[in-house]
Amino acid sequence: MSRKSTAHTKLDFGKSGKQTGFVYIPQSPHNDAWGAVPIPMAIIANGDGPTVILQGGNHGDEYEGPITIGELIRDLDPGEVQGRIICLPAINVPAVNAGRRVSPVDGLNMNRTFPGDPAGTITQQISAFVNDQILPLGDAFLDLHSGGSSLDILPSAIIEPAPDPEHHRRNAAAVLAFGAPLVVVIDNLGEARTSTAASVRAGLTTVGTEMAGRGTVSLDALAICRRGARNVLAHLGVLEPQGPAPERPETVLTIPGPPGYVYSPTDGVFEGFHSLGSEVRAGQEAGRVHHLTDPFHPPETLYYGAGGILYGRRQPGRVEPGNCCAVVAAPYEGDLP
Ligand code: CA
């Protein structure tokens, strides 16, 4: 089913060489009656080969991916490319400009809006543009995330599970080729509204990342991300390899469903007991939530629901009921290439 979009661009997806410019999605707020949100895009194409889509800025407070894609846009010469790279380093422009996870325009989390709606709010229009006009052009899709302001995450490359076993192995092979110190299978509890879930539905080889977080730029994660994006492009045959294929991690991890997440049951300030990468056991104390203005009331203790390593950790101290305080990853037992 084709859905009519109002997105438009002067860039030509069929042209060779390097093109830079914008996709415009009309947006009509109080101070700009016939304006548009300009989404930066670059197309670098040469000869025959696969089309790889690089997306960053899905969440506006995650920076390693957008920096990496911006560098590739400036540094890559079309002569180095065999195929086509479509670069969208700041896809959710309003959120990127605000440095926020969700769009300040409509309050939506872009990564919970796929397949989007070309007649919807601005975030829904952006995800519909990606879903309807960009994914059908691609053979592979990389969505470069970090943990955002509220989480710190061990830098890792992410396998989005695919229902078809061959597709799943193709995704896993590309993610392993990234060369991140950790590889984690994450299905977001079956969430279908993410861009990587949309990419899998469209049949593309799909690679995700979680590059640290805390709303800052991690130098370690940025180095991993820079190397990893080029490693995947080499794995897909779009760039020449710059050295031997990276070593794969000894174990691949996964988040073992709801028990992998530790949520706060109450308002207060969370004291986490372990640093990222610590080995933890199911039933072990994860931390406690202090009631600072009710010091006569003891803190609430939180427990891990699964054993493994501490993979993600809440960054702000303040918590409300339901806030994610800790995430555990455990060995993945499924099929791998
Ligand atoms: Ca994210």
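Colleague: How much space lies in the largest pocket, and which residues are closest to its centre?
Modeller: Bear in mind that this is a predicted model. The space in the largest pocket comes to about 930 Å³. It has 39 lining residues, and the ones closest to the centre are R101, R112, G147, L151 and N188.

Colleague: Which domains does the lining of the largest pocket draw at least three residues from?
Modeller: Several elements each put in at least two lining residues, among them β6, α5 (195-201) and β19 (324-331). By class, that lining has 12 nonpolar, 17 polar and 10 charged residues. At least three come from each of domain 1 (8-253) and domain 2 (256-331).

Colleague: OK, what about the second largest pocket: which helix gives the most to its lining?
Modeller: That pocket has a volume of about 300 Å³. R230, N231, A234, P241 and Q242 are the closest to its centre, out of 16 lining residues. With six residues, the top contributor is helix α6 (residues 219-235).

Colleague: And the calcium ion: is its donor H59 buried or exposed?
Modeller: The ion is coordinated by H59, E62, H145 and S146, at 2.4 to 3.1 Å. H59 sits in the loop between β4 (51-56) and α1 (64-75), 87 residues from S146 in the loop between β6 (140-145) and β7 (151-153). The cut-off for buried is under 20% relative accessible area. H59 has 3% relative accessibility, so it counts as buried.

Colleague: Which residue is the bridge partner of E285 in β16?
Modeller: β16 (300-303) is an edge strand of an open, antiparallel sheet in the order β16-β15-β13-β18. Four bridges join it to β15 (residues 285-290). For E285, the partner in β16 is Y303.

Conventions: Residues numbered from 1 in each chain as written. Predicted model: local features only at pLDDT ≥ 70, side-chain atom pairs only at ≥ 80, totals over all residues. Heavy atoms only, no water. Pairing = 2+ DSSP bridges. Donors = N, O, S within 2.8 Å, 3.2 Å for Na, K, Ca; no water. Buried < 20%, exposed > 50% of the residue type's maximum accessible area, 1.4 Å probe, protein only. 1 Å grid on protein atoms, 1.4 Å probe; cavity = no way out; pocket = protein on both sides within 12 Å on 5 of 7 lines; lining within 4 Å. Points joined across faces, edges and corners; volume = space filled by probe spheres on them. Nonpolar A, V, L, I, M, F, W, Y, C, P; charged D, E, K, R; others polar. Domains from an automatic or database assignment.
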